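Me: I would like to learn how to read a few features of a protein model. Can we go through them one at a time?

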Amino acid sequence: MIRARSLGIFLTTSALSLSVPADARPQDKAAEFFARGQTELAAGDAWTARGHFERAVREGYPPGAGYRALAEAYLRLDNRLFNARDALELALDADSDDVAAWYLLADINLRLDGGDADGRARQAFHEVFRRDPFFRDALERWGRLYLDPADQHAVADILEVWLARRYDPEIALLRIDVLFDGGFFTESWKEIERFRGEVKEEQYLSRLSYYSGVVEAALGEERGGGGYYFNGIAFARAAEDLEPYYADLEPLLSDAERSAWEAGDLDHRRELLLGWWNARDPLPLSDVNERWVEQQQRIRTARETFRWKKPITKEKLVDLGGTDIGMPSIAIRLDGRPLDDRGAFYLRHGEPEDRGEPRTDECGFWHYDREQLPGGGFAVNFSDGGGVQFGAAGQFLGNDCTFSTVPTTPKG
């Protein structure tokens, strides 16, 4: 049960601009104040609306709807996110099945971004998924949070409750994806086998082939995984079938290639994917595309080792005073989730020929020395601490590496 945090929600109920007849029944008075609040909110006066909604609840208006309206009024005001969160938590105490209120609570915590807001956002998304796994864009917004394997498994467990009631192919595919992203490859493969026993419709074949391919590759069966993966591209019958395949490539594509994808129909998109991989297959007559094998390994490493782990987004750190030198790393995400700056380089270039630190999870010096790169190669330095200076206190504490310099000499 959510407990309200008292931040002075009821400290401003006096001096209302409109009066209510003294002989009106309590329920009529509550409804009148609520209606006035709605009118003022629609007219753009959120502050007056807030007062009416507070009075409506005080007079006995149903607290679920009343507090939710109060939260919406606070959201129209500057710097009132905490008040809005408190009001929503009171609304959910009264009506815990309001999925839209849970979604709004998750949204508020995403906007607060930092401190305990990350954990609160995750909990709110869990409640959304318990009521509707595909509510609005909750899945996509949950996917913007930094990847936490424990959180992935918690969502997978919620989805299993749905599947135990009725085996829905869309929920089943989602559960396979959530487990795979969290690094639970064996469990993900068991779910793939379960899917094959439960679902026979061909409309799911392309997306199931994608997951079969990437999971088999993660389990070391690269030849079989490649077969599933590229057959799945050929099996695509709808635009959504190709979305996971495109997500693997999107961080590597040029702006022109991304524009071509957006403008293309299903056949053109299929050709783009197959053409991209075929053009980079170093041994076309072998049983597997070695470039695909390497990229799948890079994706798994980036997702695990180079994921952004702070409970505050990198974009916000820059807004707070960090340094963005114009490199594309801030925009680089994997399946919508942020990577630290090493991930951007690793996805595109793989392992450097030389590094200043012995372990891949440490910051330091990376040097790429390859003939096909501009100038024959380049070097980068990564610093820890988030790249944000807070005066004499030093950098923002964290465990992620940020891009710092582009040395002008081959060895930095």
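Me: How many residues line the largest pocket, and which lie nearest its centre?

Reply: Keep in mind that this is a predicted model. Rolling a probe the size of a water molecule over the atoms shows where empty space is left. Here the lining of the largest pocket has 32 residues. Nearest the centre are Leu-174, Asp-177, Tyr-211, Glu-243 and Asp-335. The volume of this pocket is about 990 Å³.

Me: Which elements give two or more residues to the lining of the largest pocket?

Reply: They are α7, α9 (169-181), α11 (205-218), α13 (243-249) and β1 (333-334). Helix α9 supplies the largest share of the lining, with seven residues.

Me: What is the make-up of that lining by class?

Reply: The lining of the largest pocket has 15 nonpolar residues, 15 charged residues and two polar residues.

Me: Now for charged side chains. How many salt bridges does the model have?

Reply: Side chains of opposite charge can pair when their charged atoms come close. The cut-off is 4 Å between a side-chain nitrogen of Lys or Arg and a carboxyl oxygen of Asp or Glu. By this rule there are 32 salt bridges.

Me: What distance separates N and O in the salt bridge of Arg-120 and Glu-89?

Reply: The distance is 2.8 Å from N to O. This pair links distant parts of the chain, since Arg-120 is in helix α6 and Glu-89 is in helix α4, 31 residues apart.

Me: Is Arg-120 buried or exposed?

Reply: Buried means a relative accessible area under 20%. Arg-120 has 15%, so it counts as buried. Glu-89 is at 4%, and therefore counts as buried too.

Me: Which residue forms a salt bridge with Arg-141?

Reply: The partner is Asp-107, and the closest N and O atoms are 2.3 Å apart.

Me: Where in the model are Arg-258 and Asp-255?

Reply: They are in helix α14 (residues 255-263), and because they are three residues apart there, about one helical turn separates them. Arg-258 has a relative accessible area of 21%, so it is partly exposed. Asp-255, at 60%, counts as exposed.

Me: Which residues do salt bridges with shared partners join into one network?

Reply: Asp-97, Glu-127, Arg-130 and Arg-131 are joined in this way.

Me: Let us turn to the backbone. What is the phi of Asn-79?

Reply: Most residues other than glycine have a negative phi. Asn-79 is not a glycine, yet its phi is positive, about 55°. Asn-79 sits in the loop between α3 (63-75) and α4 (81-94). Exposed means a relative accessible area over 50%. Asn-79 reaches 77%, so it is exposed.

Me: Where is Arg-136 in the chain?

Reply: Arg-136 is in the loop between α6 (117-131) and α7 (138-142). Arg-136 also has a positive phi, about 45°, although it is not a glycine. With a relative accessible area of 57%, Arg-136 is exposed.

Terms used. Residues are numbered from 1 along each chain as its sequence is written. This is a predicted model: local features need pLDDT of at least 70, side-chain atom pairs count only at pLDDT 80 or more; totals for chains, interfaces and linings use all residues. Side-chain values use heavy atoms; hydrogens and water are left out. Helices (H or I, at least four residues) and strands (E, at least two) are DSSP runs, numbered from the N terminus. Buried means under 20% relative accessible area, exposed over 50%, partly exposed in between (1.4 Å probe, protein chains only). On a 1 Å grid over the protein atoms alone, a cavity is a set of points where a 1.4 Å probe fits but cannot get out, and a pocket is an open set with protein on both sides within 12 Å along at least five of seven lines; lining residues have an atom within 4 Å of a point. Grid points are joined across faces, edges and corners, and a volume is the space filled by probe spheres set on the points. Ala, Val, Leu, Ile, Met, Phe, Trp, Tyr, Cys and Pro count as nonpolar, Asp, Glu, Lys and Arg as charged, and the others, Gly among them, as polar.
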